[in-house]
Amino acid sequence: MEISSAKFVKSSVGIQDCPPPVLPEYAFIGRSNVGKSSLINSLTRRGKLAKTSSTPGKTQLINHFLINRSWYLTDLPGFGFAKVPVAIKKGWEGMIRNYLDKRPNLMCTFLLVDIRHKPLANDLEFMRWMGAQGLPFYVVCTKADKLSKARLEANLKDYREVLAGEWEPLPPIIVSSSETGLGREDILGVIGSSNPGFRTPQG
Ligand code: GTP
Ligand code: MG
């Protein structure tokens, strides 16, 4: 799929504030600093569309981007960001879960995980919660460029093994790098194939 236009729409503090749910929408979620904003920039090939930072906690609101004037990408705040007070962290998490659970035009969510590390309890718990709500998601393994081919394969094998302990079948996994563009076509393919299935919430 070609991306011919990409435009920032707005930042929202919660679901009540989001743009009207009349276009298909795809959300990017994951621990702070995992590379959500970078991936949105890589998908759209617009380096400065979503603000990125090496300091975790850069994205603090729900950010909507309108793509090809026909669908939305949303950049969500990272969960598990250690440097904000617990009350704020809980507030963000409640806001994010409420958005994921209630947003009627959300087609699917991409959960980003850093493939350099072992599966995090937070991420596994989040997957369980998504499964329990019946919300479709893909696991996107980011920063693949930071590992050798052999290391990447070994980490992917370990990751799948952990997931296999609780998932049958496994959630779909996409390996990505915002540096090299690895996985870009896969993610855009997922989006492109589910776009035509969109029905407005009114039916
Ligand atoms: P928050 O907004 O804090 O939740 O973080 P985020 O998940 O949006 O992460 P962001 O995209 O800001 O990236 C964090 C850091 O990781 C930045 O320094 C990026 O340049 C770097 N980064 C992100 N993706 C990749 C990748 O695929 N490869 C490499 N090498 N670095 C990456
Ligand atoms: Mg971000």
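Reader: Hi! Before we start, what does buried mean here?

Author: Buried means under 20% relative accessible area, exposed means over 50%, and partly exposed lies in between (1.4 Å probe, protein chains only). This is a predicted model, where local features need pLDDT of at least 70, side-chain atom pairs count only at pLDDT 80 or more, and totals for chains, interfaces and linings use all residues. Residues are numbered from 1 along each chain as its sequence is written, and side-chain values use heavy atoms, leaving out hydrogens and water.

Reader: Thanks! So why is S2 largely enclosed?

Author: Six of the six residues of strand S2 are buried, so the rest of the structure largely encloses it. Strands (E, at least two residues) and helices (H or I, at least four) are DSSP runs, numbered from the N terminus.

Reader: Which residues sit on each side of S2?

Author: Glu25, Ala27 and Ile29 are on one side, with Tyr26, Phe28 and Gly30 on the other. In a regular strand, side chains alternate between the two faces of the sheet.

Reader: New topic: how many residues has the largest nonpolar core?

Author: It has 31, and Ile29 and Phe126 are among those with the most contacts inside it. Such a core is a set of buried Ala, Val, Leu, Ile, Met, Phe, Trp, Tyr and Cys residues joined through side-chain atoms within 4.5 Å. Helix H3 gives the largest share, five residues.

Reader: And what does Phe126 touch?

Author: Not counting residues up to four places away in sequence, Phe126 touches Ile29, Phe79, Arg97, Leu100 and Leu111, where contact means heavy atoms within 4.5 Å.

Key. Chains lettered and ligands numbered in written order.
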